[in-house]
Amino acid sequence: MKDNAVREQKKLLLIDDDPNLILLVKDYLEFRGYEVITAEHGKEALDILEQDIPDMIICDVMMPEMDGYTLVEKVRDDSRTSWIPILFLSAKGQSQDRVKGLNKGADVYMVKPFEPEELVAQVESSLKQASRLILHSGSGPDSTPKIKVPYDVELTPTELKVVQFVARGMANREIAEKLNVSQRTIESHVSNMLGKTGLHNRTELARWAIENSMA
């Protein structure tokens with residue numbers, strides 16, 4: 001299935017203390033074109049977030065060490081991660097549970113058990129909304145702090161073209177078709193730009209391009 005152009009290269013952080021659920025959801029999401037990193041509880045997730053910024057977080061509510069509510073509060077309080085869309089997975093399906101989860105800062109609240117296709121649809125919707133918000137926010141006073149990269153970063157003419165397309169939300173495959181090169185070549189350009197800038201993912205690369213009027 002090649003309907004995952006929007007999802008291409010998107011990185012998800014999946015947090016749950018149930019190893020069976022982790023295995024099933026991770027396999028399904030990877031099959032649908034996502035990169036998935038996992039954690040067993042909130043503390044482990046925070047350690048991961050110190051090193052790697054995902055495009056979205058999928059999180060269980062009830063976990064040992066640190067529950068989902070506490071994790072979401074910490075994610076929302078950190079300017080590096082406050083923008084990340086968060087999807088709660090919970091066995092608690094009462095309306096007050098949903099309200100609490102959303103009030104704590106989750107963007108989506110799904111009740112276990114759930115259909116894998118519904119999870120993918122919610123992930124897809126959340127990622128699209130995050131991209132729209134990033135494009136809309138620009139660098140206004142209420143937006144997240146500007147992306148910081150080394151002052152002497154220089155892009156090649158081809159890299160500049162590629163980052164402009166990335167900022168428009170285009171997938172590597174679509175960019176490759178536009179520039180009449182292989183998808184692997186575009187992946188190499190994106191990887192090189194991430195290395196030059198020290199940024200973590202395509203979302204940050206897009207924000208940087210927009211904030212610096214490259215897009």
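Helix α7 is followed by Asn-180, a residue whose phi is positive, near 60°. The structure is a predicted model, in which local features need pLDDT of at least 70, side-chain atom pairs count only at pLDDT 80 or more, and totals for chains, interfaces and linings use all residues. Residues are numbered from 1 along each chain as its sequence is written, and side-chain values use heavy atoms, with hydrogens and water left out. Helices (H or I, at least four residues) and strands (E, at least two) are DSSP runs, numbered from the N terminus.

Asn-180 belongs to the loop between α7 and α8. With a relative accessible area of 71%, Asn-180 is exposed; the term denotes values over 50%, whereas buried means under 20% and partly exposed the range in between (1.4 Å probe, protein chains only). In α7 itself, which spans residues 172-179, the buried residues are Asn-172, Ile-175 and Ala-176. Viewed down the axis of α7, these buried residues fall within an arc of 100°, so they line one face of the helix; the arc is that of the directions from the helix axis to the C-beta atoms. Glu-177 and Lys-178, on the other side of α7, are exposed. The cover over the buried residues of α7 includes α6 (157-167), α8 (183-197) and α9 (202-211).

The strands form an open sheet of 5 members in the order β2-β1-β3-β4-β5, with parallel pairing; two strands pair if DSSP finds at least two bridges between them. At the edges stand β2 (35-39) and β5 (108-111), each of which pairs on one side only. From one strand to the next, the twist averages 20°. Axes are lines fitted to C-alpha atoms, for helices over the stretch in contact, and angles run from 0 to 180 degrees between N-to-C directions. Strand β1 (residues 11-15) is joined to β2 by 5 bridges, the two running parallel, and Ile-15 stands opposite Ala-39 in β2.

Helix α1 (residues 19-31) lies across β1, β2, β3 (56-60) and β4 (86-90), and runs at about 165° to β2. Helix α3 (residues 68-77) also packs on the sheet, where it touches β1, β3 and β4, and its direction makes about 175° with that of β4. Between α3 and helix α4 (residues 95-104) the packing angle is about 25°, with the axes 9 Å apart. Tyr-69, Val-72 and Glu-73 of α3 meet Asp-97, Lys-100, Gly-101 and Lys-104 of α4, contact meaning heavy atoms within 4.5 Å.

Ser-126 lies in helix α5 (residues 116-137) and is buried, with a relative accessible area of 6%. Apart from its neighbours within four places in sequence, Ser-126 is in contact with Met-56, Pro-85 and Val-108.

In the loop between β5 and α5 lies Pro-113, which is joined to Lys-112 by a cis peptide bond with omega of about -10°. In the loop between β3 and α3 lies Glu-65, whose phi is near 70°, a positive value in a residue other than glycine. Glu-65 is exposed, with a relative accessible area of 55%.
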